[in-house]
Amino acid sequence: EHFSNILSIIRIIKEDNFKILPIELQKLEAEMMINRVAPSLIEKGIDFIPIHDSFIVSENHVDEVREIIANEFNREYGVEPLLREKLITHKALSAA
């Protein structure tokens, strides 16, 4: 009901090829992370490793990185993304 216009647009896009929308959304997300978020992290001197749609950062930078990601998405799209974090331990890294 609240998103009926958006749902209508999604249905129209998916009529021809249902794979187009998720691919385009992934491209937008990747472009945001690599071209907007990553330069902000570099500018602030935050070391990171990009992995797909994520960044590995030290635990002491998690809050700052979350804020940067939220601000960049809000600036570009007017919304804040739903973010999750996962703690990676040394033990998990050595098992990889």
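Student: Before we start, what should I keep in mind about the model and its numbering?

Tutor: The model is predicted, so to speak of its ground rules: local features need pLDDT of at least 70, side-chain atom pairs count only at pLDDT 80 or more, and totals for chains, interfaces and linings use all residues. Residues are numbered from 1 along each chain as its sequence is written, and side-chain values use heavy atoms, with hydrogens and water left out.

Student: How many helices and strands are in the protein chain, and in what order do the elements run?

Tutor: Helices (H or I, at least four residues) and strands (E, at least two) are DSSP runs, numbered from the N terminus. Here the protein chain has 4 helices and 2 strands, and from the N terminus on the order is α-α-β-β-α-α.

Student: Where does α2 bend?

Tutor: A bend at a residue is the angle between axes fitted to the seven residues ending there and the seven starting there. In α2 the bend is about 35° at V37, and a proline, P39, follows within four residues. As for what comes after the helices, α2 is followed by G45, with a positive phi near 75°, and α3 by G78, with a positive phi near 80°.

Student: Which residues of α3 are buried?

Tutor: Buried means under 20% relative accessible area, exposed over 50%, and partly exposed in between (1.4 Å probe, protein chains only). In α3 the buried ones are V62, V65, I68, I69, A70, E72 and F73. In α2 they are L21, M32, M33, V37, A38, S40 and L41. Across the 96 residues of the protein chain, 17% count as buried.

Student: Why does S40 count as buried, and what does S40 touch?

Tutor: S40 counts as buried because its relative accessibility is 15%. Contact means heavy atoms within 4.5 Å. Not counting residues up to four places away in sequence, S40, in helix α2, touches I68 and E72. Taking α3 as a whole, the cover over its buried residues includes α2 and β2.

Student: Is L83 buried, partly exposed or exposed, and what about K86?

Tutor: L83 sits in the loop between α3 and α4 and counts as partly exposed because its relative accessibility is 26%. Leaving aside neighbours within four places in sequence, L83 is in contact with R66 and I69. K86 lies in the loop between α3 and α4, and at 73% relative accessibility K86 counts as exposed.

Student: How far apart are L83 and S54 in sequence and in space?

Tutor: They are 29 residues apart in sequence and 9.7 Å apart in space, C-alpha to C-alpha. For K86 and E59, the figures are 27 residues and 10.0 Å, C-alpha to C-alpha.

Student: What volume does the largest pocket have?

Tutor: On a 1 Å grid over the protein atoms alone, a pocket is an open set of points where a 1.4 Å probe fits, with protein on both sides within 12 Å along at least five of seven lines; lining residues have an atom within 4 Å of a point. A volume is the space filled by probe spheres set on the points, which are joined across faces, edges and corners. Here the largest pocket has a volume of about 1,100 Å³. Of its 32 lining residues, the closest to the centre are S54, F55, R84, E85 and K86.

Student: Which element gives the most to that lining?

Tutor: α3 does, with 6 residues.
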